[in-house]
Amino acid sequence: MVSVVQNVAIDCADAYGLARFWSGVTGRPVDPDARPGDPATQVLLAQGPALYFNQVPEAKTVKNRIHLCLRPETSREQEVDRLLGLGAVLVADRRNPDGSGWAVLADPEGNEFCVLRSESDKAAMDS
């Protein structure tokens with residue numbers, strides 16, 4: 001017997017607002033029954049577990065112990081720019097001059113996540 005990951009739970013101050021940000025990141029819709037002010041909602045991903053947003057009273061105070069790593073369909077640089085436009089903040093730039101590495105961003109509530117190289121970025125490095 002095994003367990004299946006149902007969702008990745010993300011504590012936040014504004015469940016609906018943060019779900020809307022992650023909906024923009026992933027291109028997947030917020031639960032159609034969700035409304036502003038709801039204490040919990042989710043974004044159903046095309047594959048894998050849902051992103052579940054749970055409103056909590058306390059603010060984020062330290063670095064995440066678990067985080068999402070995103071592999072964009074476009075180049076890493078284009079995706080970082082797009083996500084910054086959605087409201088993310090660059091936390092740490094781990095990109096290297098040779099094209100390897102990643103960028104660490106934070107969502108509007110400070111939850112860190114990484115943007116990795118795309119498959120096309122990796123292929124360009126290998127050729």
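Student: Quick one to start: which residue does N7 stand opposite in β3?

Tutor: N7 stands opposite A50. Before we go on, this is a predicted model, where local features need pLDDT of at least 70, side-chain atom pairs count only at pLDDT 80 or more, and totals for chains, interfaces and linings use all residues. Residues are numbered from 1 along each chain as its sequence is written, and side-chain values use heavy atoms, with hydrogens and water left out.

Student: OK. How many bridges join β1 to β3?

Tutor: Six, and β1 and β3 (residues 50–55) run parallel. Two strands pair if DSSP finds at least two bridges between them.

Student: And what order do the strands take in that sheet?

Tutor: β1-β3-β2, in an open sheet with mixed pairing. β1 (7–12) and β2 (40–43) are at the edges with a single partner strand each, so one side of each has no neighbour in the sheet. From one strand to the next, the twist averages 25 degrees. Axes here are lines fitted to C-alpha atoms, for helices over the stretch in contact, and angles run from 0 to 180 degrees between N-to-C directions.

Student: Let's zoom out. How many helices and strands are there?

Tutor: Three helices and seven strands. Along the sequence the pattern reads β-α-β-β-β-α-β-β-β-α. Helices (H or I, at least four residues) and strands (E, at least two) are DSSP runs, numbered from the N terminus.

Student: What about the sheet with four strands, what's its order?

Tutor: That open sheet goes β4-β7-β6-β5, again with mixed pairing. β4 (68–70) and β5 (89–93) are the edge strands, each with a single partner strand, so each has one side left without a neighbour in the sheet. The twist averages 30 degrees from one strand to the next.

Student: In which sense do β5 and β6 pair?

Tutor: Antiparallel, over four bridges, with β6 covering residues 103–106. For instance, A92 has V104 in β6 as its bridge partner.

Student: Which helix packs on that sheet?

Tutor: Helix α2 (residues 76–86) does, touching β4, β5, β6 and β7 (112–115). The direction of α2 makes about 150 degrees with that of β7. Contact means heavy atoms within 4.5 Å.

Student: Now the inside. Which residues touch the most other members of the largest nonpolar core?

Tutor: L18, F21, W22, F53, L83, L105 and F113, out of 22 residues in that core. Such a core is a set of buried Ala, Val, Leu, Ile, Met, Phe, Trp, Tyr and Cys residues joined through side-chain atoms within 4.5 Å. Buried means under 20% relative accessible area, exposed over 50%, and partly exposed in between (1.4 Å probe, protein chains only).

Student: Which element gives the most to it?

Tutor: α1, with seven residues.

Student: And what does F113 touch?

Tutor: Leaving out residues up to four places away in sequence, its contacts include F21, W22, L83 and L105.
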